[in-house]
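I opened the notebook to record what I looked up in this model, entry by entry.

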Amino acid sequence: MAFFGAYPWWTPEQVEFQKKTAEFLDTLVEEEAKSRWTREFPFELYEKIGATGMTGAAIPKEYGGLGLGATGSCIVAEECWKRFPGIGRIVVGNFNGGLRQVYEHGTEEQKKRMLPPIAGGEIGAVAITEVTAGTDAAGISLQARLSDDGKYYILNGRKRFIVGAGVAKRYFIYAQTSFDPADIKKHKHLSAFIIHSDLEGFHSEKVNEILGFENVQNGSLYLKDVKVPVEDRLGAEGEGWAILMGGMNFERTNISATMCGLHRGIMQYMIDYPSRRVQFGKPTIDVPANQDKIADIVMRAKLLRDSVFVTAYKWDLDMDITIDASAVKGIAAQLALQSGDDATQVLGGDGINRFYPVQNWFELGKADHIAGGTVEACKLTVFRMAQKKMKEDTTMPRRYLDPELRVPIPTYKPVESKKPATAENLLELLAENYLINPGLHMTPGDIMLYLDADAEKVEALITELEQAGDAHTVRNRKTNLATLVAATYPGLDKAHDREWYEWYPDYVTKDPRRTF
Ligand SMILES: Cc1cc2nc3c(=O)[nH]c(=O)nc-3n(C[C@H](O)[C@H](O)[C@H](O)COP(=O)(O)OP(=O)(O)OC[C@H]3O[C@@H](n4cnc5c(N)ncnc54)[C@H](O)[C@@H]3O)c2cc1C
């Protein structure tokens, strides 16, 4: 079995699909390579891909798709990018441009109407970004105002950096439908629409010259009084942000799969090229520095692919992949750029010469630091979500002071008995915390583990100690309630004499020259 073959959990249909997809895409390689030189978008090539139905890999069969889940779409993304990242980006852009959003938020009528064209290979795009909305995607200001008769929305504004702009027929577009500051604050000001390029007032404005984009379009859109029927709004008005975030998980998983394809593309040139390139009388593959880079590329490819297809599988099992999708995309882009960098170095001057394709994958590794949400944006999602959804994994174990060693010892056991809620006991607790968790404050929640008190009582005790100068606090700016508390130096002195806090390792002797 090929090293980058099927995973054990793939269904027989998914295994067969990977084989057939790879075989078919192999037949298009020459045509695609030529279009990289002419640089015109290869419509015919895309039509051939679309006709296979592979853009509907993740669409259920009842809506005209192949029913192969996110695993199926990741197979397509990976196999395309191994051979031709340019056109592969448009293929992925097609299913990112509405597939998941329609499937999750569309009415039955919308699913029946909108999913078959995606599965049939109609070129689609997702349009979020604007001058006012980059990483801050909620800053969208393209307006959608409901007409007086309530039959359609009138869209006005611009989008930029859109993959497929000017060649796509279908655009999954986010627009501002509420201008109420309260809605904006709650991210209820956006709505999602599917619109088509033949609508009056819809134009592409520009083609960007993006790093690594050779035969593929990225550009701006211009919408002037575009009338979109109400039936083409996805989800309720104001639900756009939730739809955008859900769609982003699918998009990031698929983009990560393209980075697997990028690794596999590069690897085709990592053994055969240096085995034939001779310097100092021997092939450059014998140079340890090159071997090191090649091994790094294979290691990254292996780890990344496992993570991507596990994420896709979790998605297919209907598990929440919010953290997984952003984590894997953030890492994928970084690994791709490192591998692109190493690969170009192994090839020397040929690595950055368009007569070999490695330079293209290298450049695209950088482009994907930005596309689909920057690496930093992915990290932001991971950091925020980790605090919400990984509480169990990120909770520090409770610690206690070992009576003999007098050092902190972690434990997962609950506190055996709570002490009465008095200011003296709280001060004692803060003094112990000085030794158990050096440098740290306690939260009211920490205190409630040890004292028989509710939140109100704890707040009262903290305030009492604070007023006596025995504790200092960090307080919530709005509620003025204490969120963190620690003993002051006078408080520590009041709780115990100096010797109680002392601790020296055994090797410290009572040498009189020491300053005890
Ligand atoms: C190749 C490519 C394809 C794209 N395809 C599409 C597409 O099909 N559809 C679409 O809608 N958009 C697309 N985009 C746009 C892309 O999503 C945005 O470029 C991206 O979200 C970043 O926005 P920006 O370029 O405005 O950078 P900015 O938001 O201006 O960010 C600049 C820098 O600041 C950092 N930064 C900003 N805010 C924060 C923060 N709070 N914390 C940490 N770092 C921060 C960013 O990470 C970045 O490094 C594409 C972009 C590229 C390059």
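**Domains**

I began with the spacing of two domains, and found the C-alpha centres of domain 2 and domain 4 to lie 53 Å apart. I keep in mind throughout that this is a predicted model. The domain assignment of the chain, which I looked up next, gives domain 1 (12-122), domain 2 (124-238), domain 3 (244-392) and domain 4 (398-501).

**Ligand shell**

I then asked which residues are closest to the ligand. The shell has 21 residues, and Gly134, Thr135, Ala371, Thr374 and Glu376 are the closest of them. I noted that strand S1 (124-127), strand S3 (152-163) and helix H14 (375-389) are the elements that each give two or more residues to this shell. Both domain 2 (124-238) and domain 3 (244-392) supply at least three residues to the shell around the ligand. Sorted by class, the shell holds 13 nonpolar, seven polar and one charged residues.

**Nonpolar cores**

I turned to the largest nonpolar core, which has 104 residues, and saw that Ala127, Ala175, Phe193 and Met259 touch the most other members. Helix H12 (residues 322-346) contributes the largest share of this core, with 11 residues. I also recorded a second, separate core of 19 residues, with Met442, Ala453, Ala482 and Ala495 among them.

**Helix H11**

I checked the length of helix H11 (residues 288-316), whose 29 residues reach 42 Å from the first C-alpha to the last, close to the 42 Å expected at 1.5 Å a residue. The buried residues of H11 include Asn290, Lys293, Arg300 and Arg305, along with Ile297, Leu304, Phe309 and Trp315. I then asked which helices the buried residues of H11 pack against. They pack against helix H4 (69-83), helix H9 (240-267), helix H10 (272-276) and H12. Just after H11 I came to Asp318, which takes a positive phi of about 70 degrees.

In the loop between helix H3 (43-51) and H4 I looked up Gly67. Why does Gly67 count as partly exposed? I found that it has 16 C-beta neighbours inside 10 Å and therefore counts as partly exposed, since a buried residue needs 20 or more and an exposed one has 12 or fewer. Gly67 touches Pro60 and Lys61, again not counting residues up to four places away in sequence. Gly67 and Ala57, 10 residues apart in sequence, are 6.0 Å apart in space, C-alpha to C-alpha.

**Helix H5**

My last entry concerns helix H5 (residues 85-96), whose 12 residues reach 16 Å from first C-alpha to last, close to the 16 Å expected at 1.5 Å a residue. Because 12 of the 12 residues of H5 are buried, I noted that H5 is largely enclosed by the rest of the structure. Among these buried residues are Pro85, Arg89, Asn94 and Asn96, as well as Ile87, Ile90 and Phe95. H5 is followed by Gly98, for which I recorded a positive phi near 130 degrees.

Definitions and conventions: Residues numbered from 1 in each chain as written. Predicted model: local features only at pLDDT ≥ 70, side-chain atom pairs only at ≥ 80, totals over all residues. Near = placed C-beta within 6 Å. Helix = DSSP H or I, 4+ residues; strand = E, 2+ residues; numbered from the N terminus. Nonpolar A, V, L, I, M, F, W, Y, C, P; charged D, E, K, R; others polar. Domains from an automatic or database assignment. Core = buried A, V, L, I, M, F, W, Y, C linked by C-beta atoms within 7 Å. Expected span 1.5 Å × (residues − 1). Contact = placed C-beta atoms within 7 Å.
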